[in-house]
Amino acid sequence: MRESVQAEVMMSFLVSEELSFRIPVELRYESSDPYAVRLTFHLPGDAPVTWAFGRELLIDGVGRPCGEGDVRVTPVEPDALGEVLIRLQVGSDQALFRSSTAPLVAFLDRTDKLVPLGQEGSLADFDAHLDEALDRILAEQGAG
């Protein structure tokens with residue numbers, strides 16, 4: 001059985017209203033950590049940065065503004081599924097990315113085929129890997 005889903009999406013990194021540039025972003029979902037998705041941003045001149053957050057946040061954010069705190073996902077136009085904004089924040093520092101919705105929906109559809117939404121807790125080995133997954137998420141956030 002396949003245990004992960006990966007995709008690469010081009011997103012716009014919005015530096016300011018006047019400046020943005022396109023960057024590759026790797027999306028990853030693993031059945032061993034079924035509640036989370038990971039986005040790895042490849043910024044020019046910097047080491048890749050990975051953010052892990054709830055899969056459900058990304059699913060919901062495609063259609064309506066979602067998130068409180070460090071990660072917020074919002075459709076650009078509430079009545080259209082054209083593009084989404086992803087805002088990542090640490091303290092007063094923040095980064096804003098714009099992505100086409102279609103590749104995100106395709107990725108999320110593949111994650112749902114691997115682990116259907118709502119069935120995350122039914123994975124037999126989930127409890128055995130929970131501490132490991134939480135340690136990994138905290139380490140990734142600490143490094144970012």
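Rings of Phe, Tyr and Trp (its six-membered ring) are taken to pair if their centres lie within 6.5 Å, with planes under 30 degrees apart counted as stacked, over 60 as edge-to-face and the rest as tilted. The structure is a predicted model, in which local features need pLDDT of at least 70 and side-chain atom pairs count only at pLDDT 80 or more, whereas totals for chains, interfaces and linings use all residues. Residues are numbered from 1 along each chain as its sequence is written, and side-chain values use heavy atoms, with hydrogens and water left out.

The model contains 3 aromatic pairs. Between F13 and F21 the arrangement is edge-to-face, at 5.3 Å centre to centre and 90° between the planes. F13 also pairs with F97, here in a stacked arrangement with 5.1 Å between the centres and 25° between the planes. F13 lies in strand 1 (residues 4-14) and F97 in strand 7 (residues 93-100), so this pair ties together parts that are 84 residues apart in sequence. Through ring pairs, F13, F21, F41 and F97 are linked into a cluster.

Accessibility was classed as buried (under 20% relative accessible area), exposed (over 50%) or partly exposed (in between), using a 1.4 Å probe and protein chains only. F13, at 16% relative accessibility, counts as buried, and F97 is buried as well. F21 is partly exposed, with a relative accessible area of 28%.

Helices (H or I, at least four residues) and strands (E, at least two) are DSSP runs numbered from the N terminus, and two strands pair if DSSP finds at least two bridges between them. An open sheet is formed by 7 strands in the order 4-3-2-1-7-6-5, with antiparallel pairing. Its edge strands, strand 4 (49-54) and strand 5 (71-75), each pair on one side only. Strand 1 and strand 7 run antiparallel and are joined by 2 bridges; F97 is the bridge partner of F13 in strand 7.

A nonpolar core is defined as a set of buried Ala, Val, Leu, Ile, Met, Phe, Trp, Tyr and Cys residues joined through side-chain atoms within 4.5 Å. The largest such core has 30 residues, and those with the most contacts inside it are M11, L39, F41, F53, L58 and F97. With contact defined as heavy atoms within 4.5 Å, L58 touches V37, F53, V73, I86, L104 and L108, leaving aside its neighbours within four places in sequence.
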